[in-house]
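This briefing goes through one structure by topic. Please look at the sequence and the model below before reading the points.

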Amino acid sequence: MTPGFVMDCAPHRLSGTVYGTLLNQRSAVDALGPSVAEPPYNGAPKAPVLYVKPRNTLVPSNSVVAFPHDADELEVGACLGIVIGRTACRVVETRAFDYVAGYLAMIDISVPHSNYYRPSIRYKARDGFCPLGPVTGRADVPNPNSVTVRTYVDDILAAQTNTAESLRSVGLLLEDVTEFMTLAAGDILGLGVAAPAPRVRRGQSVRVEIEGLDALTIRFGEAP
Amino acid sequence: MHARVAYAGAMHTATPAGRGEGEVSLVLADGRVVGESDVVWLPPVECGTIIALGLNYADHAKELKFDSQAEPLVFLKGRGSLLGHLGVTRRPTNVRFMHYECELAVIIGRQGKCINAKNAFDHVAGYCIANDYAIRDYLENWYRPNLRVKNRDGGTVLGPWFVEAEDITDPANLNLRTLVNGEVMQQGNTRDLIFDIPTLIEYLSSFMTLSPGDVILTGTPEGVVNVDAGDEVVCEIDGLGRQVNTIASDDVFGR
């Protein structure tokens, strides 16, 4: 765990804020079933719902992530991370890629929780809970809206999805997010996690492979 | 007590120049004395993680019809929302309820994990005033409060001053007030925090490492009302100064 972690590599310093996007994969919405329409939610989200993965959660590939004492299992949500390359405010979908520096594999790690109304940040904001892979430049990922995302737990394929199953594509998500908040160079926006996200136990390792990107590997170790 | 300001082509650290009537003057580190409105005020600290408390005053929780809580209601914000003293914050046309939230901001000065409440103040560098705007029209019932409500550009105003911890005798007894166009609309005292500063630091550091520059916005008391374009919103906290912000319309932002 490295607080204030900065991954200083081309094409951009990852010195910004990392945001995850909730329920942007059809499978994630479907997994909630009819409860989406019921209280307390009363319907699917209209605008993008984001959350912050703070700097204490950020670790590079090949890190050992401390497995918390108070959890039996953790959820590992593999996700395409969009690395912002320049100030992005009121971006239109058709020009959205102009604002993208590149992409990376990220894992949104959570203590499993079933209520999405007002979950405690202790489910998502623990040290090491957002491993980030190396950045691949935009030009080397010609179609980020159609890449396979595979999650291996102890080298066994545990989940497979495709970014084509996103409710908002990369461009549309950038348009809808930058309508209400400006993203800065170095910020990262996760495209969203598919359901069901694999669960892991102490000592297991996880590798995320996104087509065209460098793999991201971590291992869960003992908490200090 | 110091500020970060831009003046005459550079960024400066500044301190207050005496206590005169009327406009505040500043002394830049290089010796120049300048007026409050001659500089561009930046947030007084380089912020790391921005941690905000919801419903941390009993009266405000009641105002929003919220009952009890087992643990602090915490959400996180991005640095893109930060703004300094004398800035303008956009109010979108056609929203019905945009409100300010005057809050005591605690700035972490020393890294820590699993900090015991009794040692919590060893990790506090100092304090500043925060005004954390919200637009209730955009509330959705997913991961509340969602960032479209709480993480808007210019929606987190900090300053004018960063005040060192040793200069605040009792952070658990500070009056806060918000004036809209000169009229007091919100008043409270940090003694009424449901979860006080040591408890918050113990709680947060029990699962996340806190690092220098991390900011905890400790919540707001009751008395939030809608603000409109053109309104002047002033937040004051004992010993921390007086923060001025103006609400601007979409026109100003070319919308």
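Where is B:P160 found? B:P160 sits in the loop between β14 (156–158) and β15 (163–164) of chain B; helices (H or I, at least four residues) and strands (E, at least two) are DSSP runs, numbered from the N terminus. This is a predicted model, in which local features need pLDDT of at least 70 and side-chain atom pairs count only at pLDDT 80 or more, while totals for chains, interfaces and linings use all residues. Residues are numbered from 1 along each chain as its sequence is written, and chains are lettered from A and ligands numbered from 1 in the order in which they are written.

**Backbone exceptions**

- Most residues other than glycine have a negative phi, and most peptide bonds are trans.
- The bond joining B:G159 and B:P160 is a cis peptide bond, with omega about 10°.
- Chain A has a cis peptide bond between A:A195 and A:P196, with omega about -5°; A:P196 is placed in the loop between β13 (188–190) and β14 (199–200) of chain A.
- A:N42 is not a glycine, yet has a positive phi of about 60°. A:N42 belongs to the loop between α1 (26–30) and β4 (49–53) of chain A.
- A:N42 counts as exposed because it has 10 C-beta neighbours inside 10 Å.
- With 12 other C-beta atoms within 10 Å, B:N181 is exposed.

**Strand β11 of chain B**

- Seven of the seven residues of β11(B) (residues 102–108) are buried, so the strand is largely enclosed by the rest of the structure.
- In a regular strand the side chains alternate between the two faces of the sheet.
- B:C102, B:L104, B:V106 and B:I108 point one way from β11(B), B:E103, B:A105 and B:I107 point the other way, and all are buried.
- β11(B) runs antiparallel to β12(B) (residues 124–132), joined by seven bridges; two strands pair if DSSP finds at least two bridges between them. B:L104 is opposite B:I129 of β12(B).
- β11(B) also pairs with β18(B) (residues 215–217) in the antiparallel sense, over three bridges. There B:A105 has B:L217 as its bridge partner.

**Domains of chain B**

- Chain B is assigned domain 1 (1–42) and domain 2 (43–253); the bounds come from an automatic or database domain assignment.
- Taken over C-alpha atoms, the centres of the two domains are 24 Å apart.
- Seven residues of domain 1 and 11 residues of domain 2 take part in the contact, where two residues are in contact if their C-beta atoms, placed from the backbone, lie within 7 Å.
- On the domain 1 side, β1 (3–7) and β5 (40–42) of chain B each supply at least two residues.

**Contact between chains A and B**

- The contact involves 28 residues from chain B and 35 residues from chain A.
- On the chain B side, β7 (73–77) and α2 (147–150) of chain B are the elements giving two or more residues, and β7(B) has the largest share, five residues.

Conventions. A residue is buried if 20 or more other C-beta atoms lie within 10 Å of its own, exposed if 12 or fewer, and partly exposed in between; C-beta atoms are placed from the backbone.
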